[in-house]
Every structure is written in structure tokens, then in C-alpha cells.
Amino acid sequence: MKLVFAGTPEVAVPALDALIASDRHEVVAVVTRPDAPAGRGRRLVASPVAQRAHEAGIEVLKPARPRDEDFLARLRELAPDCCPVVAYGALLPKDALDIPARGWVNLHFSLLPAWRGAAPVQHAILAGDEMTGASTFRIEEGLDSGPVYGVVTEHVRPTDTSGDLLTRLAFAGAGLLSATMDGIEDGSLEAVPQPADGVTLAPKITVEDAHVDWHTPALRIDRLVRGCTPAPGAWTLFRGERLKLINVRPLPDRAELSPGELSVGKNHVLAGTGSHAVELHWVQPQGKKPMRAADWARGVRIAPGETLGS
């Protein structure tokens, strides 16, 4: 098939690579979000998908909005058979959805109908799911509600961050998306409607969502830290300034600290929660680089009785 691939971040690049490498399909163009400011200089930088497409000599389309008529006209000229999508980052209007004869097929990082929305991997970790995966489905106008072509499953490991899990799913999902394109092309795959039961939503995780409440149980705080790493980053307050929490570990046998209370040893830093303590492994003070929590504690000279949080 003739394909136009839509995607933006690094997590979409493995799927693009898999389709470029396919001997059954041709990627004639990619659609991605416009260049965005990045780095300290805030200069405009092309998306990872755009950079990869340029390296491969593939045409890149960067509409400000997918409903822009210039973009729709170019898409009609390209006349793709199908448009595979991975984390494009913008809603597609009906005028765009109607152009490819075999539709737009999205690779979504959950086992649909669970975790429809922008942050499925983060919510899977926050909820304590032991199993997740990726699904390919035909895009409709509803939110991730279209019929499903195929799935792959993936265990959620006890120490997984959302970054760890998403990296594994990006590569497993790349194979699934490529196989889905093959099955659509040869007629061996038919999309199956999603069940009405089991629908859960996964809205974007905001910075405020990532604020740690030390009165909640240690297990919930551990999930919050892992689910918000690398973005937006779980955080708390210390002496009125933000402290990002990169890695913590629940300690079920330590329950003597009150919520947020710090206990500092030679090589460890503990914080109390609504249940038992957690050990802080890596933190990032405001305006500084990540560091070991024990090094941070020595530098700020934590006094007895000091706490994290407001």
C-alpha cells in the first residue's frame, strides 16, 4: 500500500522505521506537528519523526492544523491507501479521515477499551495494572473508540517508569503496526468493534496531578513517581521550593515516620507517608541536575523534624 505516516515524538520513530523497511508498502510522506522551541536557546527544532523522515528522503508535511485546506489538498494529491498513526498529537477532522481508502489506523499504547486518551501508559502504572499492551484500531471521530485490528501484550514490571514501559511498547507496537498494514493490504485482517464494557479514560497528566500528597500510602506514591517519570515529573516542596522525585522505594517495615517527615542516615533518606516510609533514591532540586538523595540531604543539611510538602 501507499502510506502517509502521522506521528511526532521519539516514541513514534520505531514504527516509522518498521514501515520504511517493509518491502510491501511505501511511505510516501509523513505528517507531523510543526517545529517547536526546545533547549535553553528555545530555537525551533523539528520533531523526531520529521528528522527521521528527512534522513530517509521522505516528504514532510507540518500543518498548523490538520483541517488546513493546503494540507488536505496535498493529502488528496498523494492519494494514500492508508494512513498509520502513532502519537501524532492533533485531532483529525472528518475531511482528513475520509481521504485514504482504507482509513487512518492508530497504534495506541493500551489494551483497548482500557485507557483511551493521551496518557495510557502513565495511567496504567498509576492504577497498578500488571498487564498492558498496544492496540491498532481504525480511527473514528470518537476518542480512541474505533474497531481494533490487533493487540500485543506487555507485563508491567514492579520498577517500570512510564518511560521504561513506553520504550518497550514502542518497539513491540512497531511490529504490530507493520503486521496490521500487511493484514489490511492482503485482506486477512478485519477490525473488531471494541466491547462496551471495560472503558477507562487516560487524560493527560498535568504538573498539578504530579504533586505528591505524603498522606497517601507509600504504594500510591511509588506509582505516582514511576508513572510521572520522565514527564511531567513527580514533585514535592522542601523549604518552599520544588523538589522533583525521580526514584523512590517503599519500605514496608518502616512505619514510624509521620507523613512527609524526613529521616537521614549516612547513605539514605527516608520520608514518611500515609502508610510506611519510602526511601528517596534520586531527586532533582529546583534549578539543578538530578542527584542522589543522600548527596542532596548532605548539601542542604536537613534538621531533625523537617518535612517534605506544604
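User: Which elements do the buried residues of helix 2 pack against?

Analyst: This is a predicted model, in which local features need pLDDT of at least 70 and side-chain atom pairs count only at pLDDT 80 or more, while totals for chains, interfaces and linings use all residues. Residues are numbered from 1 along each chain as its sequence is written, and side-chain values use heavy atoms, with hydrogens and water left out. The buried residues of helix 2 pack against strand 1 (2-7), helix 1, strand 2 (26-31) and strand 5 (59-61); helices (H or I, at least four residues) and strands (E, at least two) are DSSP runs, numbered from the N terminus.

User: Which residues of helix 2 are the buried ones, and what makes them line one face of the helix?

Analyst: They are Val49, Ala50 and Ala53, where buried means under 20% relative accessible area, exposed over 50% and partly exposed in between, with a 1.4 Å probe and protein chains only. Seen down the axis of helix 2, these buried residues fall within an arc of 100°, so they line one face; the arc is that of the directions from the helix axis to the C-beta atoms.

User: Why are helix 1 and helix 2 called roughly parallel?

Analyst: Helix 1 (residues 13-21) and helix 2 (residues 48-56) pack at an angle of about 25°, with their axes 10 Å apart. Axes are lines fitted to C-alpha atoms, for helices over the stretch in contact, and angles run from 0 to 180 degrees between N-to-C directions. Angles under 35 degrees count as roughly parallel, over 145 as roughly antiparallel, 65 to 115 as roughly perpendicular and the rest as oblique, and the two helices are therefore roughly parallel to each other.

User: Which residues make the contact between these two helices?

Analyst: From helix 1 they are Val13, Leu16, Asp17 and Ile20, and from helix 2 they are Pro48, Val49, Arg52, Ala53 and Ala56, contact meaning heavy atoms within 4.5 Å.

User: How do you know whether Ala15 is buried or exposed?

Analyst: Ala15, which lies in helix 1, has a relative accessible area of 1% and is therefore buried. Leaving aside its neighbours within four places in sequence, Ala15 is in contact with Phe5, Val86, Ala174 and Leu177.

User: How many of the residues of the protein count as buried?

Analyst: Of its 310 residues, 47% count as buried, in a protein with 8 helices and 15 strands.
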